[in-house]
Amino acid sequence: MYSAKDAARGEAFARFVVPEVEVLLRAATTLTPQPADAEDLVQETLIRAYRSADRFDGRHPRAWLLTIMRRAELNRHRRRRPHLLDDPDAELDRLTPALGDAQPTPEAVVLGEVFDEEVETAYSGLPVKHRQVVRLVDIDGFSYGEAAELLGVPKGTVMSRLHRARARIREQLAAVGLAPKGGVS
């Protein structure tokens, strides 16, 4: 038999947490490179959110959930061992886009591959803290505030890191002739 507390917890969970599951999954893939780890992180976040859903005041559920996720990831990171058996090709397969049905010209294929490789090289060369904000804001579409909450830093820090990361990527693309030199900063 469910108690009134269990009913309140279930209702709050359905109202505040369930609509944010997609956002949590996107955020988790930013925090951990392995899809299975991201799913585990989301599951741990959901469990923690469920346990405290009846005590949540209902204000800013996304920020509340991202805070739970950040703390869960910090705890997981403290306990985690190095992944010695990770498949290095799995990340490459995930990042390689599938070609569509339309056959591009050979020039477009070469230029596209070169551009993609250079962008990936520039992105990979960024410090982790810069890659995180690029992933959260530019790729996953989080706002500066959401990214700041997820990373546990001030909003201005996210904006500064994103500016620096974009500038470094532009500089690297300009150095190989794929972007104008001395572009807008």
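This is a predicted model: local features need pLDDT of at least 70, side-chain atom pairs count only at pLDDT 80 or more; totals for chains, interfaces and linings use all residues.
Helix H2 spans residues 21-31 and helix H7 spans residues 128-139. The two pack at an angle of about 160 degrees, with their axes 9 Å apart. H2 and H7 are therefore roughly antiparallel to each other. The crossing of H2 past H7 is right-handed. On the H2 side, the contact is formed by Ala27, Thr29, Thr30 and Leu31. On the H7 side, Gln132, Arg135 and Leu136 take part.

Read along the sequence, the pattern is α-α-α-α-α-α-α-α-α. Of the 185 residues in the protein, 32% are buried. Contacts between residues at least 6 apart in sequence were also examined. Of these, 66% join residues at least 24 apart.

Helix H3 covers residues 35-52, 18 residues in total. Its first and last C-alpha atoms lie 26 Å apart, close to the 26 Å expected at 1.5 Å a residue. The buried residues in H3 include Asp37, Ala38, Leu41 and Val42. Glu44, Thr45, Leu46, Ala49 and Ser52 of H3 are buried as well.

Ile68 belongs to helix H4, residues 61-79. Burial is assigned under 20% relative accessible area. At 13% relative accessibility, Ile68 therefore counts as buried. Ile68 and Leu46 are 22 residues apart in sequence. In space, their C-alpha atoms are 8.9 Å apart.

Helix H9, residues 155-175, has 21 residues. From first C-alpha to last, H9 reaches 30 Å, close to the 30 Å expected at 1.5 Å a residue. The buried residues of H9 are Val158, Arg161, Leu162, Ala165, Ala167, Ile169, Leu173 and Ala174. An α-helix has 3.6 residues a turn, so residues three or four places apart point the same way. After H9 comes Gly177, with a positive phi near 80 degrees.

Key: Residues are numbered from 1 along each chain as its sequence is written. Side-chain values use heavy atoms; hydrogens and water are left out. Axes are lines fitted to C-alpha atoms, for helices over the stretch in contact, and angles run from 0 to 180 degrees between N-to-C directions. Helices (H or I, at least four residues) and strands (E, at least two) are DSSP runs, numbered from the N terminus. Angles under 35 degrees count as roughly parallel, over 145 as roughly antiparallel, 65 to 115 as roughly perpendicular and the rest as oblique. A crossing is left-handed if the near helix is turned anticlockwise from the far one by less than a right angle, and right-handed if clockwise. Contact means heavy atoms within 4.5 Å. The expected span of a helix is 1.5 Å times one less than its number of residues. Buried means under 20% relative accessible area, exposed over 50%, partly exposed in between (1.4 Å probe, protein chains only).
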